[in-house]
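Subject: Structure handover, salt bridges

Hello,

Please find the structure below. My notes on its salt bridges follow.

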Amino acid sequence: MTIGSRHHRSDQPTELPAGIGSPYLVIQNLSAAYNHIQILHNVSLQVWRQQVVAIVGPNGAGKTTILKAVGGLLRPVRGAILVDGEDIAGLPVWEVVRRGIVYVPEGTNVFPEMSVLENLEIGGYLHRQRIPALLDFVYHIFPELQKKHKALAGTLSGGQQRMVVLARGLMAGAKMLLLDDPFLGLSPKYVKIFCDVFRTLRRQGMTLLISGQHVRRILNVADLAFLIEGGRITLSGTGPELLHNHHLQRTLFGIEATCEMGDPLQMEK
Ligand SMILES: Nc1ncnc2c1ncn2[C@@H]1O[C@H](COP(=O)(O)OP(=O)(O)OP(=O)(O)O)[C@@H](O)[C@H]1O
Ligand SMILES: [Mg+2]
């Protein structure tokens, strides 16, 4: 089912482009805070298996906070995070990872003095017996890492280190990746590689929840997308619907969609 983009009140459940069967991840009225300052306000969204779902929004809107709450890095104040119907809100990270939900942070946080292979093996620490099969999978997705498996991770290019960070998440046995700003700092060559990788991962059965500031790139790969502003979801729809939504364009591209300055979507974001 596909419907047009729609505005939300954050206490409304989302009725949106659905996948087949029941949703894999259901976030219900999630509220989260840092130091008693509330950041997320009744965030509700649903993700079906094998979907690429995007969360976009201005700086500081709460995108990372949602991913961290789902990934077990932040205990929510209120609300439920249901994975296959089981509430994982507040579980420790390793319990969340054991259920196949893996947060992949932004940046190139590798162990620089260890080889690529050693970095990947660390990702598989929860199920050592599966490491050979997971390595096969990771090298199939990132042949570049297989070629470089003996190299010290610190000697790789920024794009290759991003590959190691993502591959470490896959080595954790992820069924669903929570990708925080995956295009940050990447050259056009690596942006294309990562877009292709995300599509391949989805084809292979993976579910992706992607957040970040590179709105065009993220919405272009998204089946379903949410705009978050001030810790509230204000808009949802398919990736292309949101990309063409005037409110989103005004909010994130900073110009009136109707002004005579050329196509705002051509602006790189
Ligand atoms: N560890 C923290 N302690 C206190 N406040 C925090 C912390 N992390 C984030 N915040 C605040 O929470 C709000 C939401 O931050 P968050 O990182 O989720 O935003 P974001 O949408 O991911 O932004 P960006 O686009 O810059 O990545 C911001 O106001 C931020 O300053
Ligand atoms: Mg962020």
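Is R99 buried, partly exposed or exposed? R99 is partly exposed, with a relative accessible area of 21% (buried means under 20%, exposed over 50%, partly exposed in between; 1.4 Å probe, protein chains only).

This is a predicted model, in which local features need pLDDT of at least 70 and side-chain atom pairs count only at pLDDT 80 or more, while totals for chains, interfaces and linings use all residues. Residues are numbered from 1 along each chain as its sequence is written, chains are lettered from A and ligands numbered from 1 in the order in which they are written, and side-chain values use heavy atoms, with hydrogens and water left out.

The whole structure has 7 salt bridges (a side-chain nitrogen of Lys or Arg within 4 Å of a carboxyl oxygen of Asp or Glu). One of them pairs R99 with E95, at 2.7 Å between the closest N and O atoms. E95 is buried, at 16% relative accessibility.

D196 and R199 both lie in helix 7 (residues 188-203), 3 residues apart, about one turn; their closest N and O atoms are 3.9 Å apart. D196 is partly exposed at 32%, and R199 likewise at 37%.

R202 forms a salt bridge with D223 (2.5 Å, N to O). R202 lies in helix 7 and D223 in the loop between helix 8 (215-221) and strand 10 (224-229), so this pair ties together parts 21 residues apart in sequence. R202 is partly exposed at 24%, as is D223 at 25%.

Finally, shared partners join E86, E95, R98 and R99 into one salt-bridge network.

Regards

Definitions and conventions. Helices (H or I, at least four residues) and strands (E, at least two) are DSSP runs, numbered from the N terminus.
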